[in-house]
Amino acid sequence: MVRLYLANDTSSCAAGAGRLADAWCERPEIQLIRTSSRGAFFLEPMVERDTPNGRETWFNVAPDDLPRIVAGVGGTPVAEIPFLQQQTRFTFVNFGITEPLAIDEYQTGGGLKGLAAAQGLSPEAIVEELRISRLRGRGGAAFPVWKKWQVAQQVGAEQKYVVANADEGDAGTYCDRMIMEGDPFRLIEGMLICARAIGATRGYIYCRYEYPAAAQTMRFAIQKAREADLLDCDDSPFDLEVVVGAGSYVCGEETALLESLEGRRGVVLAKPPYPAESGLYGKPTIVSNVLTFATIPNILAEGGAWHASLGTEGSCGTMALQLGGRVKQPGLVEVPFGLTLRDVLDRFGGGMAPGSRFKAVQVGGPLGSLFPESQLDIPICYDAFAKAGAILGHGGIVVYDDETNMVELARHFMAFTADESCGKCTPCRIGSVRGREILERIQRGQGTAEDLALLSDLGETMKATSLCALGGRAPYPVLTAIEHFPNEFRRCQKV
Amino acid sequence: MQLNINGKTVVAEPGDTVYQAAKKAGISIPSLCVSHHLAPFGSCRLCVCEIDGQSGTPASCTTPVRPDMVVQTESDRLRRHRHNIVELYMSEQPEGSEMSGPLRELRLACGVDRVRYPDGARSKRASVRDDSNPFFTFDNAACISCARCVRACDEIQGTHALTMFGRGFEARPSAGPYQPSARGFADSNCVSCGACVKECPTGALTENTVLEQGVPTRTVRTTCAYCGVGCAFDAGVRDGRVVQMLPSDDGPSNRGQACMKGRFGWTYNDAPDRLSVPLLRRGNDWEEISWESALDLVAQEFTRIKGAFGQDALATISSSRGTNEENYLFAKFMRCVIGTNHIDNCARVCHSATVTGMMETLGASAATNSLQDLDVAQLIMVVGANPTESHPVVGARIKQAHRRGVPLIVIDPRRTELARLADLHLQLRPGSNVALLNAMGHVLVKEGLLDQAFISARTEGIEDWIKTVSDCTPESAEAITGVPAHLIGQAARLYGSSRASYCCHGLGVTEHRWGSHGVIALCNLALATGNIGNPGTGINPLRGQNNVQGASDMGCLPTYFAGYQRLDDPKLATLHQTVTGRPLPAKRGMKTPDMWDAAIAGRLKGLWIIGYDVAQTDPNLKKVHEALKRVEFLVVQDLFLCETAKFAHLVLPGASFLEKDGTFTNLERRIQRIRKAVEPPHGILPDWRVVCEVSNRMGYPMPYQHPSEIMDEIATLTPMCAGVSYDRLDQHEGLQWPVPTAGHEGTALMHQETFPKGKAQFVAVEYLPPGEAASKEYPFVLTTGRILQHYNCGAQTRRTDILELVDTDVLEMHPDDMEGLHLRDGEVVRLVSARGEALLPVVGSERVLPGHLFTSFHFPASTVNALLSSSADDSSKCPEYKVSAVRVEPIEREELDPEDEAELRHMRARLIT
Amino acid sequence: MRTQYGTRLAEALESCRPVPPDKPNILKTLLAVQSALGYVPTSDLPQIAQVLEVTDAQLAGVLSYYSDLRTQPPSRHLIRVCRGESCTANHGLRVLLAVQDHVRVAAGDRTQAERFTVEQMSCAGNCAVSPTVIVDDEVHGRVVPSQMAALLERYK
Ligand SMILES: Nc1nc2c(c(=O)[nH]1)N[C@H]1C(S)=C(S)[C@@H](COP(=O)(O)OP(=O)(O)OC[C@H]3O[C@@H](n4cnc5c(=O)[nH]c(N)nc54)[C@H](O)[C@@H]3O)O[C@H]1N2
Ligand SMILES: Nc1nc2c(c(=O)[nH]1)N[C@H]1C(S)=C(S)[C@@H](COP(=O)(O)OP(=O)(O)OC[C@H]3O[C@@H](n4cnc5c(=O)[nH]c(N)nc54)[C@H](O)[C@@H]3O)O[C@H]1N2
Ligand SMILES: Cc1cc2nc3c(=O)[nH]c(=O)nc-3n(C[C@H](O)[C@H](O)[C@H](O)COP(=O)(O)O)c2cc1C
Ligand code: SF4
Ligand code: SF4
Ligand code: SF4
Ligand code: SF4
Ligand code: SF4
Ligand code: FES
Ligand code: FES
Ligand SMILES: [Mo]
C-alpha cells in the first residue's frame, strides 16, 4: 500500500483536493494522509509521497492521475520547487508535511519547545525575550509585542485574558486561516506562552464566520491539547474557546473585536484604555494576531536574539506574504523582511497570470495603497512602507491586471468602507458614503474636476479625524488610484 | 498637573481628558457627542486637536491629559476638518428639515455656507419618527447618530431600552423591538426617565410639552415633590406656565438624573379638575364659597368644638407632601391655638416603625449616611425596598455601583429588578425579616465577623443580642423564611466582611405586624459589624414622600415636638412659651389610628386633613370611612377632590409645589428649597397661608409674610435646625440636619464620633409571626406596594399622561398559581379577605413566588385597602400593609376588549423582563 | 413542524443560557439560534431576551449590526460570491454576473422556486485559488464565469 499525502485545507479543497479524496477514498492500493498545504496554491491539488530522498510531488492532479502516482511516474522532488526552495520557513515549517491534528507530529517537528522554554522562565524573562526578539504585531499595526505584554503583566487583576485575533478581514490574506487549519497547536502554544507571561487563565480565539473549517479544526485541536494535559498555565487550567464572528470587517479591530466577543455590536471604542490595561470584561487582555502568536514558539525555543538577527533593522524576523490576484503563482511566501516588492512578485509570483499585463499591486488589504510598476522597488518592511504612506498590513499582496477599471476599483474600495463602517464616527459614517457617491458620479460620466478636489479634501478629513483605521485608511487606495491613474478619472469627467 | 493649551498654562487632574482640562480653563472646543455624565466616546470628531509630539489630530474628549503636554485646539487644519464634518452632518439632513440650535451655531461658527455634495445625488437620513412615548418624540431627521441617548440609557439609567440600530451610514438610535410592527418606545422597556432626551444635543429627542408649547424663556430651581430622593429640577417656564422640568446637573441628590414622575408627571398642575375655590357641602352637593367665608367657617367651627367638647375633640393630620414650614405651622396651630398634641402625619403608615426602631437603637431616626455614599460603598444591601420603582434615581445609582462591581444583596420576597441583578437574592416569606436578619447575626457571631473594637467603644447590650441570635441558626431560619441556609450564611459573610456595607431599607421592613423589630434587627447587624458612622455604610431608610422626613422633623407627631424633642422637656417648655407666647401641651396626642377609634367612639368632633388621602390609602377602609362619616366637621385641603375630600364638610384647594416657596427634607435629611415658578390659579392660598388666616381668626395672630420667617422660628426652637436659614439654603445645595449652628455646614454622615445617647444600644428582638397567615379559606398572602408609574393615592399621577402607560392596578400572581386556578392574563378576579373584597385584573408574573400575590393601591376603583386589617406594629402603629391572607375567585368573565388584552399582555412582558 | 422548531430553538437557547458569573452573550446566542433554525426569526426575540435577561433593544442592536445574521429564512441553497480584492482582481465581478444571470435575480433576492439566495461576501480566505464562490458550505475556487451554470445545476 502506498502512502499519499494530500492537503486538506480550504483552498486546496477548493482547488480540487476534496474531489480527489472523494474519488480515491475507496481505493485499496493507497493510504491517504490529509496534511496541511504547502501554500503553493498554484500547484494545488498537490499529491505527495515519500521517497528515500524526501517527498516527491505531483501538481494539479486530477482523479485519473492516480495510477501514474502509484507507479511513481513523473513526480518532482519537493525540495526542487523554486517557489518553496527560496523561502525561509520557520513559522510555516510544518506546512504540507504534518497532519494538523497530530500532536505527536507537532512535537517531533520541534513543537512545544517554546512552551517548555517559557515554563523555565519567569514571566518577566519571557517578556524580556520578546523585547530582545523585536517582534512586532503581524495584524497590521506592527506594535512591539513585548510592550503590550509588559503592560498586561504589570496591571494587577484577578482575571486576565489572551485573545487571538483570527478575524483576518483583509481581503487577499489567508495565512491565519492556514495556521488554524494546518498547524493549530502552534497557535495554542503561542497563546499559552502569552498566558504564562501575563498570568491569564482564559483565552479566546475570535474566528471570522467565513472560516468554518478553521474554527472546527481549532476546536478539535483544543480538545486534543486538553486531553494531552497541555492546557494549563502554572498548574491552573487554561480555558480556551473558539468564538465565531458574524460578518463585520471592523470586528478585526481589537476594541471592536472585544465588544463582539462579549456579544455586543462590534463597534470601535476610543483608546485609552488599551486592551492590555482594560480589555475583555474590563480586564487586562492581550489581543494579538494569529500569525503573531504562531511566531512566538520559535522565538522562545531559539531565543530572541535569533529572531532579531532575521530581517531588517526595524522589521525583524520573517513575514508571511500572501500572493493573490493576477499573479501567475499565488500562494504563501515566508521570507525575512527586506526583499523588494518587485523581487517578491518576480521570484515568487512568477510574473503575471497568462495573458494578462500588470497594472498595479495593492499591499495590505482593502485599506492598503496601490503601487504602480514604477514603485515596485520598495523594500518589504514596516518603516519603508510607513514612509511611503503605505501599509504592509497583514501581508496581503494583490496584483491587478490591465483589464482593471481603476474608477470602478476606487468606487469598490469606498463602497467597501461604506458597507463595513461601524457607523460610530462621522467622517467615516457619512464620509465613506459621500465618497462612494462622488465616485459613482464620476463613473456615470458626470464627474467634474471639483469632484476630485472634493474627494481629496474629504479624504484628508477622513484620514485625520476618523476614530479607527477603517475610516482613516479608506482614502489611501482611492487617492493612490487617482494619483497613479489620473487619466482614467479624467476620462470619466463631464465635458 | 499642568499642561499647555493654546499657549495657556492649564491645571488638570490626572484622569481628566484634554477636553475637560480645556473646559475648566475656559477654553471651549467645538463638540457634540461629549457629555460629562457619560464615559468618553469620541463619535462626532469635532473636538479634534493637535498635540506636540503626537501625529495626527486626536479627539480631545478621549485623550487623557499628560503632564506638560502642549495642545492646540485651533488651527487652519483643525478648522478645515471641523468645517468638513459639519458639512457632512448637513449633507445628511433631509431637505426642509430644520436644523437644531447647536448644529446651526456650529454651521455658522465653522462657516459652512454651502454643502458641496450635490443634492439629489446623495442619501439622506431615513425618515423615522417615534412618537409612541407619551412624553417625548424622536425624529431621525434631526439626529446625528452620536449615541448620547443610548449611552444615557445604558450608563445613567441602566435600562438598556435604546440601541444603535443598523450600522454604517444607516446607524441610528432606536428603542427596542425589532419587529416592524413594534411601536418603539412604547413597546420597549423604557421607563421614561428622560435621560436620553436630556443628553440629546440636537433636539432629535424632545419633550412633547416643549414641542407643543415652545422652549422655556426662564427657569426656576426647585425640588421634585414626589418621592423622598428630592431631585433638584429647573422648572422651565413660558408664558406663565411650566413647559419643562429638567433635572439639575448640580442637584446634590440627583446629579442631573430624574425619573418619569418628576420629569414628566407634573402636568396635573394644569389639570382641568384641579380644585380652584373652596367647596362647602350642601347635602350631596358642593357649593363654591369665597375664601373669606371658608376661612371664617373653619375658625368658627374649631372654636365652637373646642368650646363645647374641649381641645381633645379636635385633631389634624398634616401632609408629608407639604413644606416644612407648612407642617410646622399646622403643628403650632394645634399646640398653640387648640392646645393639644393631636397631630400626626403620613409617616405613621410608612416609616413610623423606622422612627421607633432607630430611636431605640441609635437614638436618631433618619438615614445615617448620604446618597453620595453609594459611590464609596463596598457592598450594598437592599432590604424590603424596591428603589428602581419607588426611588428610581437611587435605584439607578445602585445599578451603576453594581455595574462598577460593587456586590449587591437584595432581601425581598419578590424578584424585583434589583433582585434579578443581585449577587444574592434572599427571597424570604413576607413577614419573616427578623428571623432572617437574626440568622445573619448568628453567622456573624459564629464566624467571628464582629467588629469588636467598635462594639466595645460605641455600643451597649451586645450580650443580650448574642444570646438571642445564638438560637437563630440559618437552618432554623430556613424553615421560617424559606431562604436556603447557605445563602443566609453567604449574605452574612459578605455584609460582615466588605469593610463598608451600605444598607437601605423600605416598607418591606416597616409595614409589618413587627415592623420596628425588623428595623431594630437591621440596626443590630450594622452595630455588630461597625457599619455605622463611616462613609459607605449605615442604616438608610428610603423615606417615601417628598417631605415625610420633614413632616416628622417639624413635630407633626403626637409624641414629639419639632426636632424629636420630648414634650415634657422643661427647658423646651420655657423656650416654647417665650417664642410662641403659649405653653407647650405635654400630654401625648393621638396617632392616626387612635383618631379613627376616637371618631367612631364620638370623642373626636373636628378633624383637619391636609394632603393625605386616608379614605384610599389607610388600611381597613371600612373603618376609616366610618370614622370620617362620624366627624362633625371635616376639613380637607388638597389639590384635587380626592377620596377623602368626598367625605368633607369643607374642601379647601391647595397650591402645588410649583406655586409656592418653602423647603422639603429628603431621605438623606437634606433640607432643600422649593421655589415658586408660577402663580397659583384662581388666587389659591398656599397651605401655610391658610393656617395663618385661620389662626388669626381664632385670636392667635400668625403674621408671617414669607416662609423664610417660619424657618427662622423653627431654627430658634429646634436645635438640630438651629443653623438653617433661607440665606444659607440659597447658597448651599441644601443643608443636611443636624445643623446646630449658623456656621455649621450640615451633617452628611451621622454618628461619626458618638451617638445622640452616647452609646448605641443593641436591642435583642425575636422573630414573631405576622398578624395573619395563609389558611385554607384564604390560601394566598397578599403584599401591597408600589409601581414605578403611579404615586400613592394616584390623585396626581392619574391626572397626567402616565395614564397612557398604566391605567389600572393589577394583581401579580405566579404563573403556576394562574394555571392552578385556570386563570388567564388579564382576567378580572375577585380578591376576598376577612375584611372585604376587591376586583383586579390578574397577570402572570415571575416576580412573585407561588402562593404570594402582589398589587399596588394607586387606583381608588380597585379598593385594595378594603382588604386590609387594622393590624399594625405594636409600638409605632405602622400598618401591616405587606401581609394579608386572601383568596382569589374567578368572576363572570366579562369580555375584555382586545385592546385591553393587548395592553395586559404587554404589561406582563414588562413585569417579567 | 412547529414543535420541532420549538425544541430546536429551546435547545439552542438552553446551550447559551448564561451561567453566573458569566454574562449573557447575545451574538453567540443569535448565532446558535441561526444555526439551529437557519435564521433568527424576529418573532422569537422576546423569548431570547427573556432567557438571556437582556432587553429587546440589546438584541435588536446586535441583530441589525452583523451582516451574517439573517432575519429571513434562506432558500435551500445559499450562494455567496466573494467580492474581496483578490477575487476582484481575478474579475470576480464577471462571476457574480454569471451567477445572477443563472439564478436570474439580483443578489439579495430569491428565486421563485426558493432554490437560491445569492449574497456577496467579503474575502473567503481562498484568495490564492480565486475567484471564489461558496455554495452552502462548499468552497469553489478558480471559478470561471462560463462554468457557473453547470456548477450551480448540481444544487437542486
Ligand atoms: N413610583 C412610586 N414611588 C414612590 C411611591 C409610589 O407610590 N410610587 N410612594 C413613595 C412612598 S410614600 C414610599 S413610603 C416609598 C416606599 O418605597 P418601598 O419601600 O420600595 O415600597 P414598597 O413597594 O411598598 O415595598 C418595598 C418592597 O418590600 C417588599 N416586601 C414585602 N414584604 C416584605 C418582607 O416581609 N420582607 C422584606 N424584606 N421585603 C418585603 C416588597 O416585595 C417590595 O418589593 O416609595 C415612595 N416612592
Ligand atoms: N395598600 C397599601 N396602602 C398604602 C401603602 C402600601 O404600601 N399599601 N403605603 C402607605 C404609605 S407608605 C403612604 S406614605 C401612604 C400615602 O398615601 P397618601 O398620603 O394618601 O397619598 P399621596 O398620593 O402621597 O398624597 C395625598 C394627597 O396629597 C395631595 N397633595 C399633594 N401635594 C399637596 C400640597 O402641596 N398641598 C395639599 N394640600 N395637598 C397636596 C395629593 O393631591 C393627594 O391627594 O399610603 C399608604 N397606603
Ligand atoms: C478596521 C480594522 C480591521 C482590523 N482587522 C484585523 C484583522 O482582521 N486581524 C488582525 O489580526 N488585526 C486586525 N486589525 C488590527 C487589530 O486592531 C490589532 O492591532 C491586532 O489584532 C493586534 O495584533 P498584533 O499586535 O498581533 O498585530 C484591524 C484593525 C482595524 C483598524
Ligand atoms: S526602511 Fe529601509 S532601512 Fe529602515 S528598516 Fe526598512 S529596509 Fe531597513
Ligand atoms: S472609522 Fe469607521 S469603522 Fe472606524 S470607528 Fe469610525 S465609523 Fe467605525
Ligand atoms: S427615557 Fe430613560 S429609560 Fe427611556 S429610553 Fe430614554 S434613557 Fe432609556
Ligand atoms: S437622538 Fe440625539 S442623542 Fe440620540 S443619537 Fe440622535 S442626536 Fe444623538
Ligand atoms: S426619583 Fe423621586 S424625587 Fe427624583 S424625580 Fe423621581 S419622584 Fe422626583
Ligand atoms: S466631542 Fe469629542 S468626538 Fe465628539
Ligand atoms: S478575495 Fe476572494 S477569497 Fe480572498
Ligand atoms: Mo410612604
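Analyst: B:Tyr560 counts as partly exposed, because its relative accessibility is 23% (under 20% is buried, over 50% exposed and in between partly exposed, with a 1.4 Å probe and protein chains only). B:Tyr564 is at 10%, so that one counts as buried. Bear in mind that this is a predicted model, where local features need pLDDT of at least 70 and side-chain atom pairs count only at pLDDT 80 or more, while totals for chains, interfaces and linings use all residues. Residues are numbered from 1 along each chain as its sequence is written, chains are lettered from A and ligands numbered from 1 in the order written, and side-chain values use heavy atoms, with hydrogens and water left out.

How many aromatic pairs turn up over all chains? A search of the whole structure gives 26. A pair here means Phe, Tyr or Trp rings (for Trp, the six-membered one) with centres within 6.5 Å; planes under 30 degrees apart are stacked, over 60 edge-to-face, and the rest tilted. One of them joins A:Phe92 and A:Phe95: the centres sit 4.8 Å apart and the planes make 50°, so this pair is tilted. A:Phe92 is buried, at 0% relative accessibility, and A:Phe95 is buried too, at 2%. Back in chain B, the rings of B:Tyr560 and B:Tyr564 have centres 6.0 Å apart and planes at 70°, so theirs is an edge-to-face pair.

Some rings go beyond pairs: B:Phe302, B:Phe330, B:Phe333, B:Trp608 and B:Phe633 are linked by ring pairs into a cluster. B:Phe302 is also among the buried residues of helix α8 of chain B, along with B:Trp291, B:Ala294, B:Leu295, B:Leu297, B:Val298, B:Ala299, B:Glu301 and B:Ile305. An α-helix has 3.6 residues a turn, so residues three or four places apart point the same way. (Helices are DSSP runs of H or I with at least four residues, strands are runs of E with at least two, and both are numbered from the N terminus.) α8(B) covers 19 residues, 291–309, and at 1.5 Å a residue should span 27 Å; its end C-alpha atoms are 27 Å apart, which agrees. That expected span is 1.5 Å times one less than the number of residues. Just past the helix, B:Gly310 takes a positive phi of about 90°.

Now for ligand 1. It has 34 residues around it, the closest being B:Ser390, B:Asp412, B:Gly431, B:His790 and B:Asn792 (a residue is in if one of its heavy atoms lies within 4 Å). That shell splits into eleven nonpolar, 17 polar and six charged residues. As for N and O atoms, a nitrogen of ligand 1 lies 3.2 Å from a backbone N or O of B:Gly508. An oxygen of the ligand is 2.9 Å from a side-chain N or O of B:His512, and an oxygen is 2.6 Å from a polar backbone atom of B:Asn792. On its own, ligand 1 has 920 Å² of accessible area, and the protein covers 99% of that (Shrake-Rupley, 1.4 Å probe). Which elements give two or more residues to its shell? In chain B they are α11 (387–390), α19 (507–510) and β32 (780–785).

Ligand 4 has a shell made of A:Thr312, A:Gly314, A:Cys381, A:Asp383 and A:Ala384.

Technical notes
A polar contact is a pair of N or O atoms within 3.5 Å; within protein, one must be able to donate a hydrogen and the other to accept it, and residues adjacent in sequence count only if both atoms are side-chain atoms. Ala, Val, Leu, Ile, Met, Phe, Trp, Tyr, Cys and Pro count as nonpolar, Asp, Glu, Lys and Arg as charged, and the others, Gly among them, as polar.
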